[in-house]
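Visitor: I am new to this structure. I would like a close look at one part, the place where two chains meet.

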Amino acid sequence: MNEKHSEIQEAEILVIGGGAAGLSAAAEAASAGAGVLVLESDLHLGGQLVKQTHKFFGSKDEYAGTRGFLIAGKLLEELSAYPDKVKTMTNTAAMGYYKNDGVVTAMRGEEEYFKLKPKRIVMATGAQERLIAFPNNDLPGVYGAGAVQTLMNVYGVSPGDRVLMVGAGNIGLIVSYQLIQAGVSVVGILEAMPNIGGYWVHAAKIRRLGVPILLRHTIRAALGSETVQGALVESLATGERFQLDCDIICMAVGLTPTAEMLWQAGCAMKYIPELCGHVPVRNKRQRTTHEDFWIAGDAAGIEEASAAMIEGRVAGLDAAASLGYSVDENRFDVFAERLNSLRRGDTAAKIRSGLEKVVAA
Amino acid sequence: MSEAKCCCCESDGSFNLAEMENDTVLCRCEEVTLGTARKWIAEGYDTFDEIKRMLRVGMGPCQGRGCRDILLREISQITGRPVSELSPGTIRPPVKPIKVSLVARDYTGGDKK
């Protein structure tokens with residue numbers, strides 16, 4: 001073979017995904033002295049944080065009480081302390097991993113294609129919205145709730161006039177509230193389960209504004225010929241069906257971890273319902289069964305941003321340590337304790353049970 | 001809401017949901033319906049990769065990000081095997097569509113055959 005290809009760029013630690021987990025991983029790895037390259041497929045860094053206009057819960061160390069988009073700013077400020085160590089590329093997607101030679105291919109925009117050979121990789125690729133199949137779900141006007149939130153809070157575009165939200169988890173509740181704040185009417189929230197999945201404080205705000213939350217109800221079909229004009233709703237308790245007038249159907253039925261490259265790397269993967277999909281087996285320091293790959297954030301299992309940030313820090317620090325950089329071992333204990341405290345309590349029981357199945361001792 | 005109509009509505013305004021479900025789009029990229037997929041699964045093509053080869057599900061711009069979960073749930077329902085035991089299929093690079101010209105440009109010389 002004497003074929004010549006473009007030069008392969010080297011990197012110490014490649015962080016794929018510049019959201020809550022990825023930026024935290026980059027900051028931590030750089031603080032230990034490692035060189036870091038962050039690839040972000042979106043036009044800006046910050047991931048989902050940039051559209052979170054609400055204040056975060058969680059712990060003080062992870063900026064509880066601060067609005068999400070401001071947390072993105074704090075992480076970027078932290079990164080700016082290491083200008084010689086951290087390089088970021090936006091509008092750049094990792095395209096694949098080739099395990100024979102450890103090469104990662106990437107595409108910037110749609111006009112530039114290049115190869116990287118990192119020593120270590122932190123996957124912080126987040127999640128994608130789960131979709132459910134129902135008749136006419138391909139009509140214009142059927143959206144993922146996250147997409148609607150991006151449209152409103154990042155681009156300032158109103159999705160429509162009357163929204164039916166499907167799903168009363170935190171995303172469904174928060175996006176409903178933000179739609180109302182933006183002057184859009186929410187005709188109702190459907191929830192198939194007998195109880196509200198999200199925090200009461202969010203649900204209470206919605207109820208005070210008069211929006212009905214219909215438990216044990218599901219969508220059976222979108223109605224309309226060119227665009228959404230309504231929805232056919234069914235009570236799971238009685239089987240009764242009725243139509244609701246709406247021009248937007250917003251799906252907030254969950255997220256699925258996204259980390260395709262881990263399959264390409266041959267990492268051991270398991271389907272864990274509590275973590276909402278296929279996730280890699282990893283150790284307590286977020287290292288997968290492929291010794292060059294770490295995992296952090298929603299890609300490791302659907303949780304929330306505070307946990308994602310700590311997992312990112314653990315992954316970044318451990319990846320740096322694996323390259324021989326000296327790190328303060330106590331920090332791992334501090335991070336472990338912060339994660340434990342976030343994962344205490346009934347609401348995190350599902351997370352704990354899921355992690356037990358994939359975290360090796 | 002009397003003006004809302006769709007192609008599958010009965011004339012009396014009731015809905016033939018079974019028929020509507022068969023016409024539901026499972027894979028938007030390749031325009032594969034639930035009914036088509038169910039037919040193939042019932043015939044024994046009951047893995048993600050087999051359905052992919054028969055129907056191109058998961059081979060479009062989103063590379064299965066939209067349809068993979070839905071199809072695995074369908075396979076699970078029809079075969080009775082839990083989703084946790086089903087293979088999500090082989091996931092190869094590139095994970096996003098890329099112009100062939102970009103890959104070709106990456107090749108900068110050497111002997112061409």
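How many residues of chain A are in contact with how many residues of chain B?

Guide: First, the ground rules. This is a predicted model, where local features need pLDDT of at least 70, side-chain atom pairs count only at pLDDT 80 or more, and totals for chains, interfaces and linings use all residues. Residues are numbered from 1 along each chain as its sequence is written, while chains are lettered from A and ligands numbered from 1 in the order in which they are written.

Now the count. 38 residues of chain A are in contact with 39 residues of chain B. Two residues are in contact if their C-beta atoms, placed from the backbone, lie within 7 Å. Several elements of chain A give two or more residues to the side that touches chain B. They are β1 (4–5), β5 (92–98), β6 (103–108), β13 (217–223), β14 (230–235), β15 (241–245) and α6 (260–265). Helices here are DSSP runs of H or I with at least four residues, strands are runs of E with at least two, and both are numbered from the N terminus. The largest share, four residues, comes from β5(A). By class, this side of chain A has 14 nonpolar, 16 polar and eight charged residues. Ala, Val, Leu, Ile, Met, Phe, Trp, Tyr, Cys and Pro count as nonpolar, Asp, Glu, Lys and Arg as charged, and the others, Gly among them, as polar.

Follow β13(A) back a step. Arg216(A) sits in the loop between β12 (213–215) and β13 of chain A. Its phi is positive, about 55°, although Arg216(A) is not a glycine. Arg216(A) counts as partly exposed because it has 15 C-beta neighbours inside 10 Å. The cut-offs use C-beta atoms placed from the backbone: 20 or more others within 10 Å is buried, 12 or fewer is exposed, and in between is partly exposed.

Compare Gln286(A), in the loop between β19 (277–280) and β20 (293–295) of chain A. Gln286(A) is not a glycine either, yet has a positive phi of about 75°. With 30 C-beta neighbours inside 10 Å, Gln286(A) counts as buried.

Of its contacts with a separation of 6 or more, 64% are between residues 24 or more positions apart. The C-alpha atoms fill a box of roughly 65 × 50 × 35 Å, taken along the principal axes.

The axes of α3 (residues 145–153) and α4 (residues 170–181) of chain A come within 10 Å and cross at roughly 30°. Axes are lines fitted to C-alpha atoms, for helices over the stretch in contact, and angles run from 0 to 180 degrees between N-to-C directions. So α3(A) is roughly parallel to α4(A). Angles under 35 degrees count as roughly parallel, over 145 as roughly antiparallel, 65 to 115 as roughly perpendicular and the rest as oblique. The residues of this contact divide into five nonpolar, five polar and no charged.

Finally, chain B. A cis peptide bond joins Pro93(B) and Pro94(B), with omega about -5°. Pro94(B) lies in the loop between α4 and α5 (100–106) of chain B.
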